[in-house]
Amino acid sequence: MNKSIRTIALLVAGLSFATPTLASDAMELKTADREVLGTRDIEAGHFSQGIVKLERALQHANHSFGRAPALINLCVAHAALGELDKADRYCNEAVETGIDAGLAYNNRAVVNCLRGRLDACVGDLEKAGQIQPRNPVVQRNIQRLRSKKQVAANS
């Protein structure tokens with residue numbers, strides 16, 4: 001099945017949300033590549049519905065391979081809702097699984113940026129870039145972060 005690539009863009013500087021349209025300076029979160037119950041809800045912007053389904057799917061997953069996509073998507077949904085403590089928790093759990101690590105690091109980087117943890121954001125994006133050097137979402141986020149750092153250095 002050909003799954004469409006959907007991202008959720010967050011304006012990091014102002015903590016305002018631009019979902020699902022992409023603002024030019026927005027950092028992007030990405031749902032898991034593997035389909036899990038609730039993914040399409042998240043991609044459609046129905047975050048609360050998606051969260052309920054994903055939490056149910058997470059309860060039934062008994063190994064890291066099954067848990068990873070639900071954790072990644074829960075991270076995205078909670079970040080989009082501005083629930084950064086919950087997003088942080090799910091992002092950390094997704095990274096710990098070691099499954100879909102590039103995507104998990106990318107999403108955790110965005111949450112770290114939203115929380116004002118610039119060093120952690122940079123570190124996670126660099127790790128995501130090492131794991132998935134050709135992932136367009138990761139590369140756009142790295143480029144945006146470099147641009148923001150350059151603007152800050154010049155002002």
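Visitor: Is Cys113 buried or exposed?
Guide: This is a predicted model, in which local features need pLDDT of at least 70, side-chain atom pairs count only at pLDDT 80 or more, and totals for chains, interfaces and linings use all residues. Residues are numbered from 1 along each chain as its sequence is written, and side-chain values use heavy atoms, with hydrogens and water left out. Buried means under 20% relative accessible area, exposed over 50%, and partly exposed in between, with a 1.4 Å probe and protein chains only. The relative accessibility of Cys113 is 10%, so Cys113 counts as buried.

Visitor: Which residue forms a disulfide with Cys113?
Guide: A disulfide is a pair of cysteine sulfur atoms within 2.5 Å. The sulfur atom of Cys113 lies 1.9 Å from that of its partner.

Visitor: What is the handedness of the disulfide of Cys113 and Cys121?
Guide: The handedness follows from the torsion about the S-S bond. For Cys113 and Cys121 this torsion is about -65°, so the disulfide is left-handed.

Visitor: How many disulfides are there, and what pattern do they follow?
Guide: Cys75 and Cys91 also form a disulfide, with sulfur atoms 1.8 Å apart. This pair links distant parts of the chain, 16 residues apart, with Cys75 in helix α3 (residues 64-80) and Cys91 in helix α4 (residues 84-97). Both Cys75 and Cys91 are buried. The count comes to two disulfides, and with bonded cysteines counted along the chain the pattern is 1-2, 3-4.

Visitor: Are α3 and α4 roughly parallel or roughly antiparallel?
Guide: Axes are lines fitted to C-alpha atoms, for helices over the stretch in contact, and angles run from 0 to 180 degrees between N-to-C directions. Angles under 35 degrees count as roughly parallel, over 145 as roughly antiparallel, 65 to 115 as roughly perpendicular and the rest as oblique. The axes of α3 and α4 come within 8 Å and cross at roughly 155°. The two helices are therefore roughly antiparallel.

Visitor: What is the handedness of the crossing of α5 and α6?
Guide: The axes of helix α5 (residues 101-114) and helix α6 (residues 118-131) come within 8 Å and cross at roughly 160°. That makes α5 roughly antiparallel to α6. A crossing is left-handed if the near helix is turned anticlockwise from the far one by less than a right angle, and right-handed if clockwise. The crossing of α5 and α6 is left-handed.

Visitor: Which residues of α6 make the contact with α5?
Guide: Contact means heavy atoms within 4.5 Å. On the α5 side, the residues include Tyr105, Arg108 and Cys113. On the α6 side, they are Ala120, Cys121, Asp124, Leu125, Lys127, Ala128 and Ile131.

Visitor: Where does Asp100 lie?
Guide: Asp100 has a positive phi of about 50° although it is not a glycine. With a relative accessible area of 27%, Asp100 is partly exposed. Its place is the loop between α4 and α5.

Visitor: How many helices and strands are there in the protein chain?
Guide: Helices (H or I, at least four residues) and strands (E, at least two) are DSSP runs, numbered from the N terminus. Along the sequence the chain follows the pattern β-β-β-α-α-α-α-α-α-α. The count is seven helices and three strands.
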